[in-house]
Amino acid sequence: MSKTLKDLKPGEKGVVLNLGKKGPVRKRLMDMGITPGVDVEVVKVAPLGDPIEVNLRGYELSLRKDEAEHINLK
């Protein structure tokens with residue numbers, strides 16, 4: 001079973017392996033800088049668990065959990 005971005009807790013890091021989702025969601029994630037090989041760190045999680053804030057490529061990005069579950073990590 002592979003780990004996804006959704007599984008990380010605040011302060012944990014990972015490296016993007018691939019994007020599991022196809023189509024417009026995948027393109028949108030890639031346009032935001034989420035590509036294979038990039039380092040990501042979960043900065044914080046909203047009180048109810050959605051969205052999550054991640055740091056990648058020197059900037060913070062907020063993602064919904066349904067988007068984060070399609071980002072597979074090494």
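**Close-up views of a predicted model**

**View A. Arg64 and Asp50 form a salt bridge, with their closest N and O atoms 3.7 Å apart.** Arg64 is placed in the loop between S5 and H2, whereas Asp50 belongs to the loop between S3 and S4, so the pair ties together parts that lie 14 residues apart in sequence. Arg64 is partly exposed, at 44% relative accessibility. Asp50 is likewise partly exposed, with a value of 33%. The structure, which is a predicted model, contains 5 salt bridges in total.

**View B. A salt bridge joins the side chains of Lys6 and Glu69, at 3.6 Å from N to O.** This pair links distant parts of the chain, 63 residues apart: Lys6 lies in the loop between S1 and S2, and Glu69 in the loop between helix H2 (65–68) and strand S6 (71–73). Lys6 counts as partly exposed, at 36% relative accessibility. Glu69 has a relative accessible area of 35% and is also partly exposed.

**View C. Within helix H1 (residues 24–31), Lys27 and Asp31 are 4 residues apart, about one turn of the helix.** Their side chains meet in a salt bridge, with an N to O distance of 3.2 Å. Both residues, Lys27 and Asp31, are exposed. Side chains of opposite charge can pair when their charged atoms come close.

**View D. An open sheet is formed by 6 strands in the order S1-S6-S2-S3-S4-S5, with antiparallel pairing.** Strand S1 (3–4) and strand S5 (59–63) stand at the edges and have a single partner strand each, so one side of each is left without a neighbour in the sheet. Strand S2 (residues 13–19) and strand S3 (residues 39–45) run antiparallel and are joined by 3 bridges. Val15 has Asp39 in S3 as its bridge partner.

**View E. S4 and S5 form a hairpin with 2 residues between them.** The two strands, S4 and S5, pair in the antiparallel sense over 5 bridges. Leu56 stands opposite Tyr59 in S5. In the turn, Arg57 has a positive phi of about 55°.

**View F. Glu53 lies in strand S4 (residues 52–56).** Glu53 is buried because its relative accessible area, 19%, falls under the 20% limit. Apart from its neighbours within four places in sequence, Glu53 is in contact with Glu41, Val42, Val43 and Lys44, as well as with Glu60, Leu61 and Ser62.

Terms used
Residues are numbered from 1 along each chain as its sequence is written. This is a predicted model: local features need pLDDT of at least 70, side-chain atom pairs count only at pLDDT 80 or more; totals for chains, interfaces and linings use all residues. Side-chain values use heavy atoms; hydrogens and water are left out. Buried means under 20% relative accessible area, exposed over 50%, partly exposed in between (1.4 Å probe, protein chains only). Contact means heavy atoms within 4.5 Å. Two strands pair if DSSP finds at least two bridges between them. A salt bridge is a side-chain nitrogen of Lys or Arg within 4 Å of a carboxyl oxygen of Asp or Glu.
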